[in-house]
Amino acid sequence: MTLREFYEVTGGDYGDVMGRFVTEERVLRFVRKFPADGSFAALKSSLADGNAQEAFRAAHTVKGVAQNLGFTALFTVAEVVTNILRGGSLAVDERMPELERLYNLTVESIAALD
């Protein structure tokens, strides 16, 4: 899968990320690091533990990384989850399946990059 195809499949913004990173090599260097980031796992763990503050931090990191890398679809849902957690509420059960689906799609698609 090409980088442009990756962004199409994952609902990302290829043009935006290329405008900031300039070269595909630079984009790929950072995109390939995404699966090693532990923020999504920390979000799930913090939610399971009922720790809204740590869940907020983790969701905020997922949101920020997704935004920086042009993962628009993932960013959009992560932003909603972050905003819910910002107020100390753990009522994100309705949004987590979509966030997890998009996260997994992103990680699986990264593995398929040329």
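**Helix H3.** I looked up which residues of helix H3 (residues 24–31) are buried, and found Val 27, Leu 28 and Val 31. Buried here means under 20% relative accessible area, with a 1.4 Å probe and protein chains only. Seen down the axis of H3, these residues fall within an arc of 100°, so they line one face of the helix. I took that arc from the directions between the helix axis and the C-beta atoms. An α-helix has 3.6 residues a turn, so residues three or four places apart point the same way.

**Model.** The model is predicted: local features need pLDDT of at least 70, side-chain atom pairs count only at pLDDT 80 or more, and totals for chains, interfaces and linings use all residues. Residues are numbered from 1 along each chain as its sequence is written, and side-chain values use heavy atoms, without hydrogens and water.

**Partners of H3.** I then checked what the buried residues of H3 pack against: helix H1 (3–10), helix H2 (14–21) and helix H7 (96–111). Contact means heavy atoms within 4.5 Å.

**Whole chain.** I found 7 helices and 0 strands in the protein chain. Helices (H or I, at least four residues) and strands (E, at least two) are DSSP runs, numbered from the N terminus. Buried residues make up 38% of the 114 residues. I looked at contacts between residues at least 6 apart in sequence: 65% join residues at least 24 apart.

**Dimensions.** The C-alpha trace spans about 40 × 25 × 20 Å along its principal axes.

Methods. Buried < 20%, exposed > 50% of the residue type's maximum accessible area, 1.4 Å probe, protein only.
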